[in-house]
Amino acid sequence: MWFVIKLNDKGMYRGDCEDYALSVLYYVVCKESWLKFWWMLFTFSAELCGCETKNGGHAVLRVGGMYIDNWSKAWVPQSGMTKGLGHTFWPWYKTILPTTVAIKMMMAKLRG
């Protein structure tokens, strides 16, 4: 289940790499517009990119030619992810499709 992170009752933000990436897209890039959020994903202006790290699978947000994740917490070129953080991006056929994002977010909504 994936979701856009919100402040919890303890005053903290909680989520994993996919949640972080989707939250940056929603709050920072799309200025809290769901229409723009989904438009960017379905036109591939923004993409949730899968990669391998020393800890296993990981997700990174790509917008244009810049990338951000919950490790860097800063916009960097792809080389900042690969050379700087050691991420190895998945090949194109393992792309995280916008429909996958929609299904995972719908599952989170249904489960509450």
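**The sheet and its strands**

Modeller: In this predicted model, Glu 52 stands opposite Thr 88 in strand E4. On its other side, Glu 52 stands opposite Gly 57 in strand E2.

Biologist: What makes E1 and E4 a pair of strands?

Modeller: Strand E1 (residues 46-53) and strand E4 (residues 88-89) are joined by two bridges in the antiparallel sense, and because at least two bridges are required, this count is enough for the two strands to be called paired.

Biologist: What joins E2 to E3?

Modeller: Three bridges do so, with the two strands running antiparallel, and since at least two are needed, E2 and E3 therefore count as paired. Arg 62 has Tyr 67 of E3 as its bridge partner. This hairpin has two residues between its strands, and in it Gly 64 takes a positive phi near 65°.

Biologist: In what order do the four strands form the sheet?

Modeller: The order is E3-E2-E1-E4, in an open sheet with antiparallel pairing.

Biologist: Why is Glu 47 counted as buried?

Modeller: The relative accessibility of Glu 47 is 16%, and because the limit for a buried residue is under 20%, Glu 47 falls within that class. This residue is found in strand E1, and, leaving aside neighbours within four places in sequence, Glu 47 is in contact with Val 60, Leu 61, Arg 62 and Thr 95.

Biologist: How do you know that E1 is mostly covered?

Modeller: Seven of the eight residues of E1 are buried, and E2 is likewise described as mostly covered, with six of its eight residues buried.

Biologist: Is Lys 31 buried or exposed?

Modeller: Lys 31 has a relative accessible area of 64%, and since exposed means over 50%, the residue is classed as exposed. Lys 31 lies in the loop between H1 and H2, and its phi is near 50°, a positive value in a residue other than glycine. Glu 32 lies in the loop between H1 and H2 as well, and has a positive phi of about 65° although it is not a glycine.

**Helix against helix**

Biologist: What is the angle between H1 and H2, and how far apart are their axes?

Modeller: Helix H1 (residues 17-29) and helix H2 (residues 34-42) pack at about 125°, with axes 9 Å apart. That makes H1 oblique to H2, because the roughly perpendicular range ends at 115 degrees and roughly antiparallel begins over 145. H1 passes H2 in a right-handed crossing. From H1, the contact uses Leu 22, Leu 25, Tyr 26 and Val 29, and from H2 Trp 34, Lys 36, Phe 37, Met 40 and Leu 41. By class, these residues are eight nonpolar, no polar and one charged; Lys 36 is the charged one, because Lys belongs to that class.

Biologist: Why are H2 and H4 called oblique to each other?

Modeller: H2 and helix H4 (residues 98-111) pack at about 140°, their axes 9 Å apart. This angle is not over 145, so the pair is oblique and not roughly antiparallel. On the H2 side the contact is made by Trp 34, Phe 37, Trp 38, Leu 41 and Phe 42, and on the H4 side by Pro 98, Thr 99, Val 101, Ala 102 and Met 105. The contact of H2 with H4 has nine nonpolar residues, one polar and no charged.

Methods: Residues are numbered from 1 along each chain as its sequence is written. This is a predicted model: local features need pLDDT of at least 70, side-chain atom pairs count only at pLDDT 80 or more; totals for chains, interfaces and linings use all residues. Side-chain values use heavy atoms; hydrogens and water are left out. Axes are lines fitted to C-alpha atoms, for helices over the stretch in contact, and angles run from 0 to 180 degrees between N-to-C directions. Angles under 35 degrees count as roughly parallel, over 145 as roughly antiparallel, 65 to 115 as roughly perpendicular and the rest as oblique. A crossing is left-handed if the near helix is turned anticlockwise from the far one by less than a right angle, and right-handed if clockwise. Contact means heavy atoms within 4.5 Å. Buried means under 20% relative accessible area, exposed over 50%, partly exposed in between (1.4 Å probe, protein chains only).
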